[in-house]
Amino acid sequence: MHTAPIPYPHDVSDGHVVLRPHRMSDAPAIAEAVRESVATVGRWQDWCHAGYSEADATTWIDICRRHWLTGEGNEFLVFDAITDTLLGGMGVNHLNHEHRFANLGYWVRESAQGKGIATRAGRLAARFALETVAVSRLEIVAAHDNLASRRTAERIGGSFEGILRNRLVLKGISVDAAMYSIVTDQPADAHIRSIST
């Protein structure tokens, strides 16, 4: 597993969606997408609220860029490959270098939900995590009642491992979460094919 910084990739796309690292110029689009999505994403993510500002987005971009440089994580924005419209975010984060695992997190703006965006982007991110970051285990943790996120985890290729009690905190309340994983327990090329179909 890489412990040194990974160069920014330039070709993470399936022809429908594109994943790329954050740029400072993305702040206005991120803020707009977040505020649009309070009723859906905001139900499961405390950072998604009606007062989310460009300054909040800039702070987040700074964190993302720092994590790339320090090897703590690899956060992407998801864009439409044709229109270059911002669709959401996708991250390979909470990297554990000693045991070679990471978390896969994702969100899709409200106007782009229900179109398979998270599944497409998640498969690209999983490939990046397994091939480039070289993790041997990728975890997806979703609130127990977040059925849309759990279905996405399954479509990405995650195997359900169980319910973790009080694993997440939402709106100040501890809630149970479902754990999914993608692991390298078979030849790498076969595994990548399985999550790419």
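These legends go with close-up views of one predicted model.

**View 1**
Read from the N terminus, the elements follow the order β-β-α-α-β-β-β-α-β-α-β-β-α. Along the principal axes, the C-alpha atoms fill a box of roughly 45 × 40 × 30 Å. The chain has 197 residues, so a compact globule would have a radius of gyration near 16 Å. The chain has 16 Å, which agrees.

**View 2. Cover and contacts across the chain.**
How much of the chain is buried? Buried residues account for 44% of the 197 residues. The chain exposes about 10,000 Å², and carbon and sulfur atoms supply 51% of that area. Take the contacts between residues at least 6 apart in sequence: 63% of them join residues at least 24 apart.

**View 3. Confidence is highest in helix H1 and lowest in helix H5.**
The mean pLDDT of the chain is 92. Of its residues, 92% reach 70 or more. Helix H1, residues 27-36, has a mean of 98. Helix H5, residues 188-196, has a mean of 45. Across residues 186-197 the pLDDT is below 50. Beyond near neighbours in sequence, this stretch has 18 contacts in the model.

**View 4. Helix H3 is mostly covered.**
Helix H3 runs over residues 117-133. At 1.5 Å a residue, its 17 residues should span 24 Å. The C-alpha atoms at its ends are 22 Å apart, which agrees. How many of the 17 residues are buried? The count is 12. Among them are Ile117, Leu124, Phe128, Leu130 and Val133. The buried set also includes Ala118, Ala121, Ala125, Ala126 and Ala129. Thr119 and Gly122 are buried too. Ala134 follows H3, and its phi is positive, near 70°.

**View 5. Cys48 and Cys64 are buried, with their sulfurs apart.**
A disulfide needs the two sulfur atoms within 2.5 Å. A search of the whole structure finds 0 disulfides. Cys48 has 2% relative accessibility, so Cys48 counts as buried. Cys64 has 1%, so Cys64 counts as buried as well.

**View 6. Ser25 sits in a loop.**
Ser25 lies between strand E2 (17-20) and H1. Is Ser25 buried or exposed? Its relative accessible area is 59%, so Ser25 is exposed. Asp46 is 21 residues from Ser25 along the chain. Their C-alpha atoms are separated by 24 Å.

**View 7. Ser149 sits in helix H4.**
Helix H4 covers residues 147-156, and Ser149 is part of this helix. The relative accessible area of Ser149 is 14%. Buried means under 20%, so Ser149 is buried. Which residues touch Ser149, leaving aside its neighbours within four places in sequence? Ser149 is in contact with Tyr106 and Ala142.

Conventions:
Residues are numbered from 1 along each chain as its sequence is written. This is a predicted model: local features need pLDDT of at least 70, side-chain atom pairs count only at pLDDT 80 or more; totals for chains, interfaces and linings use all residues. Side-chain values use heavy atoms; hydrogens and water are left out. Helices (H or I, at least four residues) and strands (E, at least two) are DSSP runs, numbered from the N terminus. The expected span of a helix is 1.5 Å times one less than its number of residues. Buried means under 20% relative accessible area, exposed over 50%, partly exposed in between (1.4 Å probe, protein chains only). The radius of gyration is taken over C-alpha atoms; the globule rule is 2.2 Å times the number of residues to the power 0.38. Contact means heavy atoms within 4.5 Å. Accessible areas come from the Shrake-Rupley method with a 1.4 Å probe; for residues, only the protein chains shown count as cover. pLDDT is the predictor's confidence in each residue, from 0 to 100.
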